[in-house]
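Please look at the sequence and the model below. The paragraphs that follow go through some of its parts in turn.

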Amino acid sequence: LALASQSVSFVLALMPHVRAALMAHLPPREHVRLTELDRVTQDLRDHRSQIRQKFVDIVAETVEGSAPQLRTVDWDRFNGQCEYFRDVAKNVAGMHNVLTKFLPPEQVQEVFSGIFLSLNRRVPEHLESANPSTRTGRQRIVDEVSHLVTSLTRLNSTDPSVITLDETLRRRFLE
């Protein structure tokens, strides 16, 4: 998918030059035909956006697959690292490792902004049923989320300001 995205980006980079060359060689009455080229260019942009969204969807699906692990955690007695958060960090880092090999930094940042926004929505949903009765249990959740956010914000070519999980869950569990 990353190579497909790059290929589409390459073709998109050529399209203005193709359009200019055609415009220079077509008689003015034939310039109306360039609207078809404009439509193809827009279709390619849409296709590239869909490919990038697929990266976000892949991570979202793995996060969803890990969600049942949270239901079994007794946060008041929990000790160690939560498997759910470890899996989320591992899957996001894995996607990052793949994409940074094939995509330029600005495209990686675009994809990861989508991934981070998805996590901002999904992780709190997965913690809806978490209701520790002690402050220690609530702090453990916040600590796990803070650890996850710290590991994600260290990824190169991402915008750490997009991920707000820790703030959201700190307000929910500690305030």
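Is Arg52 buried or exposed? Arg52 is buried, because its relative accessible area is 8%, and buried means under 20%, exposed over 50% and partly exposed in between, with a 1.4 Å probe and protein chains only. The model is a predicted one, in which local features need pLDDT of at least 70, side-chain atom pairs count only at pLDDT 80 or more, and totals for chains, interfaces and linings use all residues. Residues are numbered from 1 along each chain as its sequence is written, and side-chain values use heavy atoms, with hydrogens and water left out.

Arg52 belongs to helix H2, residues 34–66. Helices here are DSSP runs (H or I, at least four residues), numbered from the N terminus. Apart from neighbours within four places in sequence, Arg52 has contacts with Ser5, Ser9, Gln107, Glu110 and Val111, where contact means heavy atoms within 4.5 Å.

The largest nonpolar core contains 46 residues. Such a core is a set of buried Ala, Val, Leu, Ile, Met, Phe, Trp, Tyr and Cys residues joined through side-chain atoms within 4.5 Å. The residues with the most contacts inside this core are Trp75, Phe85, Phe112, Ile115, Leu119 and Leu127. At least two residues of the core come from each of helix H1 (2–25), H2, helix H4 (83–102), H5, H6 and H7. H2 gives the largest share, eight residues. Leaving out residues up to four places away in sequence, Phe112 touches Val92, Met95, His96, Leu99, Leu155 and Thr158.

Two packed helices are described by the angle between their axes and the distance between the axes. The axes of H4 and H5 come within 11 Å and cross at roughly 170 degrees. Axes are lines fitted to C-alpha atoms, for helices over the stretch in contact, and angles run from 0 to 180 degrees between N-to-C directions. H4 and H5 are therefore roughly antiparallel, a term for angles over 145 degrees. By class, their contact has 12 nonpolar, three polar and no charged residues. Ala, Val, Leu, Ile, Met, Phe, Trp, Tyr, Cys and Pro count as nonpolar, Asp, Glu, Lys and Arg as charged, and the others, Gly among them, as polar.

For H5 (residues 105–126) and H7, the axes come within 9 Å and cross at roughly 30 degrees. H5 and H7 are therefore roughly parallel, which applies to angles under 35 degrees. The contact is made by Leu119, Asn120, Val123 and Pro124 of H5 and Leu165, Thr168, Leu169 and Arg172 of H7.

Notes. Angles under 35 degrees count as roughly parallel, over 145 as roughly antiparallel, 65 to 115 as roughly perpendicular and the rest as oblique.
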